Amino acid sequence: MIRDITLGQYYPGKSPIHRLDARTKIIATLLFIVELFVVNNFWGFVIAAAAMFAVIGVSRVPLSFIFRGLTAVFLIIIFTFLINLFMVDGRVLWHWGILTITYEGLRRAFFMAVRLVLLIIGSSILTLCTKPIELTDGLEKLLKPLSKIGVPSHEIALMMTIALRFIPTLMEETDKIIKAQQARGADFESGNIVQRAKSLIPILIPLFISSFRIAQDLALAMEARCYHGGDGRTRMNEIHFKKGDVVAGIILVLFLAAIIASRYI
Amino acid sequence: MSFISVRNLIVDFKRVDEDGKEVLATRAIDGVSLDIEKGSFVAVVGMNGSGKSTLAKCLNGLIVPTSGEVVVDGMNTTDESKIWDVRKRIAMVFQNPDNQIVSSIVEDDVAFGPENLGVDPDEIRKRVDEALQRVDMYDCKDKGAHMLSGGQKQRIAIAGAVAMRPECIVFDEPTAMLDPRGRQQVLEIIRDLNANGITAVLITHYMEEAMQADRIIVMKDGKIFSDSTPNELFSNVELIESAGLEMPTRLALKNAKPGRSISVENVKTGTVLEKNVPVRNGLKVQNLRYVYNSGMPGETVAIDDMSFDIAEGSICGVIGHTGSGKSTMLQHLNGLLKPNEGEVYVGETCITDGKTKLVDIRRKVGLVFQYPEYQLFEETVAKDVAFGPKNLGITGDELDETVKKSIEIVGLNYDKIKDASPFELSGGMKRRVAIAGVIAMKPKILILDEPTAGLDPRAHREVLKMVRNIHEEMGITIIFVSHNMRDIAEMSDKVLVINKGKLMMEGTPREVFARKDELESVGLTVPEVRTIMAELKDKYPQINENILTLDEAVKELEKHNIKL
């Protein structure tokens, strides 16, 4: 069911990873993603994967829970794999009609798929081990220096909070509307591309109207609860750098060094 | 001076006309004056569109009066420098549980209000924990808001208000979207808060809830129609009728004079049907089983070995909690979901064997979802109603004829309404249009999921009348879900009780509601009049307690010469 998508979900816990400052986790995740594109050989991926599984181990989030998030994007991974497999020129390994698999293609496809899997799991660890509110608070604080040049850091963070909150609600709403129109005989699966695009109208219009209604209700509810911008707001859980964050920083630097070294193996 | 004082309040809603000028659209509040004392419990009732919600939003300055004034604890709501002080004193809980929760995690959402007020972190922590304990949701503090039931979400919303330490909480139809269990819990919390000194203003359509207040204000056409104690209000039958309200069952029974019919029950002061119709072309469900995420880590059995049948041309009521599996079950009846095991037969046709085309299933079984007005999308009513039949391949004159007839069956005037935009209609009318859109597909079986949800008492009665009308005019089988046990008792030939994915009971309303204790043990209810008769039985053992309508109750009491 739609509400079982784990991407962007939080897994409550008290592990050392959970307790890290959200800023540390955001920076670490960003660096991890950049690293994935620096890696260019087998050993680099081994190091990255090992580091990632070590973090998962420490976080005590069940593996099954993490992999459930992957099933939602499984098709994208397969698609990327196939595109790379057949589209790269080089030493031919296999040939049939217009389809050709090359050594380079196989290698690139494999790396790309592994990269995607690591990227998705890596970033889902961030959201699984960080409360949404800490995540957005962390983001707000990281962006704070930019507010001097006019970046609305508080507003961006609030938008993220609301987006994370309402993704499941809107998914359920979409599910309901699709089913309701199906019950009225709507057909979303057959016809050419124009007909299919047209068949989306009975879903999109009610969904838009729903979103506006939610926005209106929510704005009123926030006003009633005295929301008046970021000035003068306090936080129940202020985020602070602690000893754990220093340790995490050191580990992160070592990891970076290992990844860069792997390019020369 | 009283805590809240409203003087000559007028609120106009303006809209921009074609020339770009502002014109008066509606006068939502038309000269209201009232005082609310600290610590009181005030209920506000009235039809949809009578101005209740607008009045509520004026109390904490969410709506600024067009003229007149609202003064809270000496502060005028039009004074912008004081507006946050006003809202700190008067918190608000809204109707839709989903749309008022800001943060994904329960405790973070409860903290939202105090954070906005700039309260110290340690103090916020304390208030959040206290507020969550108050609404009995402390164990869920780390949960994701989207994992909670409607009733739980509403309790979180109340905790969010309580954490701001307000002196008054305005509840704007907080129970309208909840099932009976959720409704009862929310009401208990409101009473408990009031007992602890918080002034409560409760807007509601349920007279049983309003009766618990010290004072009931009746709104009609933007004016205060009546303002009295519950006892005074409910002794005035004419006033209740003209305000579009209904009499609480308990009082209706008390006030009923022997020999005089009870006038408040307009739908049908009915005999409960007890005929046994043979199953011919009805619906047959056999050993239905459905599992979400089959074979995956989070697999849950939503429907477990369910078998029942529904006779052709009968009306079948379905009851059960939100999340009991009843909606999932209904979606199997027109092929939206495919069972893991078991079969569904419509007449002779098995619709689950994979051979029947989906279009043919939908021609046979129409499904109207909860709040169907949210699926409207066309420019005009006629076009929207035509969407279903067009999908089935009906065209030309036949299509026009079908659309016209369907709109008339749901009780609307075709010529007046056909070219109107569905979005400009009132809530009750939108719902009728949406239902017309399904019956235009001429189903043999019509399924309605909570067709009366969120309506005021008068619109509620009208929708029930419409359902009867569809049943009689089209001669079709009707299956309807309701949380209102009186509707179930009065409308159904047969009742299905669903609990935790299983069929817990089936039978005539009289058979089902005879098992009052069993129903109550799983948190379901019986018609109010049945409860009252059970209570009376303790005092008068000679009476029959299995009574389902007011008329029956009056007769039974007369028979034994009992006066209340």
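**Reading a two-chain model**

The C-alpha centres of domain 1 and domain 3 of chain B lie 37 Å apart.

Biologist: What are the bounds of these domains in chain B?

Modeller: Keep in mind that this is a predicted model. In chain B the assignment gives domain 1 as 4-245, domain 2 as 283-514 and domain 3 as 529-559.

Biologist: Which strands make up the open sheet of chain B, and in what order?

Modeller: Strands of a sheet pair through backbone hydrogen bonds, in either a parallel or an antiparallel way. Here 4 strands of chain B follow the order β2-β1-β4-β5, and the pairing is antiparallel. V6(B) is opposite V70(B) in β4(B).

Biologist: How many residues does each chain give to the contact?

Modeller: An interface's size is often given as the accessible area lost when the parts come together. Counted by residues, this contact takes 50 from chain A and 59 from chain B. On the side of chain A that touches chain B, the elements giving two or more residues are α4 (63-71), α7 (132-143), α8 (153-183) and α10 (201-224) of chain A. That side of chain A has 25 nonpolar, 10 polar and 15 charged residues.

Biologist: Is E373(B) buried or exposed?

Modeller: E373(B) counts as buried because 20 other C-beta atoms lie within 10 Å, and 20 or more is the cut-off. E373(B) sits in the loop between β16 (365-368) and α13 (381-391) of chain B. Beyond neighbours within four places in sequence, E373(B) contacts G427(B), K430(B), R431(B) and A434(B).

Notes. Residues are numbered from 1 along each chain as its sequence is written. Chains are lettered from A and ligands numbered from 1 in the order in which they are written. This is a predicted model: local features need pLDDT of at least 70, side-chain atom pairs count only at pLDDT 80 or more; totals for chains, interfaces and linings use all residues. Two residues are in contact if their C-beta atoms, placed from the backbone, lie within 7 Å. Ala, Val, Leu, Ile, Met, Phe, Trp, Tyr, Cys and Pro count as nonpolar, Asp, Glu, Lys and Arg as charged, and the others, Gly among them, as polar. Two strands pair if DSSP finds at least two bridges between them. Domain bounds come from an automatic or database domain assignment. A residue is buried if 20 or more other C-beta atoms lie within 10 Å of its own, exposed if 12 or fewer, and partly exposed in between; C-beta atoms are placed from the backbone.
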